[in-house]
Amino acid sequence: MTAAGRSPRGGAEARVAIVTGAGRGIGRAVALELARAGYSLCLAARSRDELEETRSQTGLPPERALIVLLDLAIEEAPDNLISAALDCYGHIDVLVNNAGWAPPRTPLLKMRPIDLDRMIAVNLRAPIALTRMAAAAMAARGGGTVVNLASSAAIKAPAGEAVYAATKAALIAFTRAAFGELRQSGLKLAVIVPGLVDTALIPNSKRLDRTAMLSTADVAQAVMQIVNSPAGACPVEVMLEPQLDPERPR
Ligand SMILES: NC(=O)c1ccc[n+]([C@@H]2O[C@H](COP(=O)([O-])OP(=O)(O)OC[C@H]3O[C@@H](n4cnc5c(N)ncnc54)[C@H](OP(=O)(O)O)[C@@H]3O)[C@@H](O)[C@H]2O)c1
């Protein structure tokens, strides 16, 4: 039974995955792969239409693909998301902290404080809060997987991306430290560090060759490798680099 005393949707034995930012880009590709692998899903973001399109592409019935509309910049949102997943399914097997946000490249001195706060909240505070709450539920059942989406900006630290790079670098450090703590409870924690991926997050620019970027499917495959790896052989950090440099002169 769920916390609300109802029978869980999707069957007591269905494996359950939460994907934040599941409405487009990498999050949608991850949701499609998890659905293909037999997971029931909890799909979270702000845009209902995009989440409904993701659900439709999974082919899952609504009772196996819960849509949760929320803004992860709001402090209560992580709590609300975990509660919604547990109320619906009764347990969580996989959490993919994919939602992330950055304004177009902006010099630090021109960065609006509201954008600075939003990046820290969405890219760092929310994944940490979600990891803590999901990990507690997973540890009570003796296993589960958390995958965080960082960025190679954390390592390259490009000009104009100081705050975004800092949030992603902190997410890598958080994952590595939490990995050491939570593996003792049978949990797997990993962070993926991709270079440029061809999504709407990357605005078109003459200096970028989109065909040289990673695809969303590349990142989704990396997520599935982590999800499917045995607990003793799960990598804590996975770097994904495009085969060609998308920022090379064309
Ligand atoms: N694209 C790249 O080159 C690249 C490279 C390295 C790492 N990454 C990371 O990969 C992740 C996914 O990026 P993407 O390229 O797929 O981005 P995207 O296409 O812009 O998709 C972002 C997703 O996150 C959701 N989201 C954004 N702000 C949110 C908020 N405040 N609350 C809830 N959901 C929110 C969006 O939905 P709504 O707008 O409807 O809320 C959307 O579903 C991010 O963490 C990003 O930093 C991307």
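Student: By class, how many nonpolar, polar and charged residues are in the shell around the ligand?
Tutor: This is a predicted model, in which local features need pLDDT of at least 70, side-chain atom pairs count only at pLDDT 80 or more, and totals for chains, interfaces and linings use all residues. Residues are numbered from 1 along each chain as its sequence is written, and side-chain values use heavy atoms, with hydrogens and water left out. Ala, Val, Leu, Ile, Met, Phe, Trp, Tyr, Cys and Pro count as nonpolar, Asp, Glu, Lys and Arg as charged, and the others, Gly among them, as polar. By class, the shell has 16 nonpolar, 9 polar and 5 charged residues.

Student: Which residues around the ligand come nearest?
Tutor: A residue is near a molecule if one of its heavy atoms lies within 4 Å of it. Of the 30 residues around the ligand, those that come nearest are Arg46, Ser47, Tyr164, Val197 and Thr199.

Student: Which helices each supply at least two residues of the shell around the ligand?
Tutor: Helices are DSSP runs of H or I with at least four residues, strands are runs of E with at least two, and both are numbered from the N terminus. The helices that each supply at least two shell residues are H1 (25-36), H4 (113-141) and H6 (162-182).

Student: How far is an oxygen atom of the ligand from a polar backbone atom of Val197?
Tutor: A polar contact is a pair of N or O atoms within 3.5 Å. A ligand nitrogen atom lies 3.4 Å from an N or O atom in the side chain of Arg118, and a ligand oxygen atom lies 3.2 Å from a polar backbone atom of Gly21. For the polar backbone atom of Val197, the distance to a ligand oxygen atom is 2.7 Å.

Student: What share of the area that the ligand exposes when taken alone does the protein bury?
Tutor: Accessible areas come from the Shrake-Rupley method with a 1.4 Å probe. Taken alone, the ligand exposes 880 Å². The share of that buried by the protein is 97%.

Student: How many helices and strands does the protein chain have?
Tutor: From the N terminus on, the elements run β-α-β-α-β-α-β-α-β-α-α-β-α-β. The chain has 7 helices and 7 strands.

Terms used:
Polar contact = N/O pair within 3.5 Å; in protein donor to acceptor, adjacent residues only side chain to side chain.
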